[in-house]
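Have the sequence and the model open as you read.

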Amino acid sequence: MHWQFLFRLSLDSIYFLLKMVNNDNICVLNIPGVNGLGVTVGTRDSGKKVLKGLDVDFETVDVDNFNVENQERVIYERALKCFENNKIGLFLGGDHSISYSTCKAFLEGCKLKDSEGVLIVFDAHVDLMIPMKNPTHEEWLRALIEKGFDVENIVIIGARKVYDQEKEFLEKNKIKMISVEEIREDRLGVFDWLKDFCNGKEIYVSLDIDVIDPEFVKGTHYLEPSGLSVDEVEYFVEMFGGFESLRGFDLVEINLDKDDGNTVEIGRGILRRILR
């Protein structure tokens, strides 16, 4: 019954979040990384602003936005240290290009422990354009797949904008997707399916703020209508926070140049579901 799953989720959430605080096994990195071909510069300092006011220690990763290759390497190496030290990595962007490096580190961390990792991506876009040498926020996921992340272990949630070449890649690789409509029709059923999908595997969740409907979120570059509500996103974030196998989480694409003040606060509320 669904109430049994929810009851279990509640117990797991309390246990897991207390464990994170008491055992100091959480690594929070502010990553001011951008590689969005000039359109995502406003995301650079959003992580620091979101973290301001939260009672959490964090480290800012020193990156050079004008040397993308070096930026990519620095982010990867610092994220990998989190996973090598068996800490839960929480990464604040920046734009979505940072996830290419943090997810590569997550994948390497899984290999070191001989475990299997799954990637859950919340995004209005699928980010599967043909990748550049140093992937931008529009093709980071495809580049990650080409580097060896198993498509069988990827789920994209909430995507509404898919270009033709991305659609072809999705269909060819049979990448799993969950639509906004499916969540609206049967949220608990989606919860059950995700729980089964993640069972026995390490979990990384990547959350682009534009998965939320523009009615609630203005502070991001690409606004796509008919998105998830804040409540729906927080529900799933709290759900994943209840899984002991959560190993990584990133929040990206909050653009301070476009924010009316509300988007940062929404981002802060999402993080509270992980940190408290």
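## About the model

This is a predicted model, in which local features need pLDDT of at least 70 and side-chain atom pairs count only at pLDDT 80 or more, while totals for chains, interfaces and linings use all residues. Residues are numbered from 1 along each chain as its sequence is written, and side-chain values use heavy atoms, leaving out hydrogens and water.

## The disulfide

Counting pairs of cysteine sulfur atoms within 2.5 Å as disulfides, there is one disulfide. It joins cysteine 27 to cysteine 82, with an S to S distance of 2.2 Å. Cysteine 27 lies in strand β1 (residues 26-30) and cysteine 82 in helix α3 (residues 68-84), so the bond ties together parts that are 55 residues apart in sequence. Strands (E, at least two residues) and helices (H or I, at least four) are DSSP runs, numbered from the N terminus.

Both cysteine 27 and cysteine 82 are buried, meaning under 20% relative accessible area (1.4 Å probe, protein chains only).

## Cysteines without a partner

Cysteine 103 is in no disulfide, and the nearest cysteine sulfur, that of cysteine 110, is 10 Å away. Cysteine 103 is buried, at 0% relative accessibility.

For cysteine 198, the closest cysteine sulfur is also in cysteine 110, at 12 Å, too far for a bond. Cysteine 198 is buried too, with a relative accessible area of 3%.

## Aspartate 208

Aspartate 208 sits in strand β7 (residues 202-208). Its contacts (heavy atoms within 4.5 Å) include His96, Phe122 and Glu253.

Note on methods
Buried < 20%, exposed > 50% of the residue type's maximum accessible area, 1.4 Å probe, protein only. Lists of a residue's contacts leave out its neighbours within four places in sequence.
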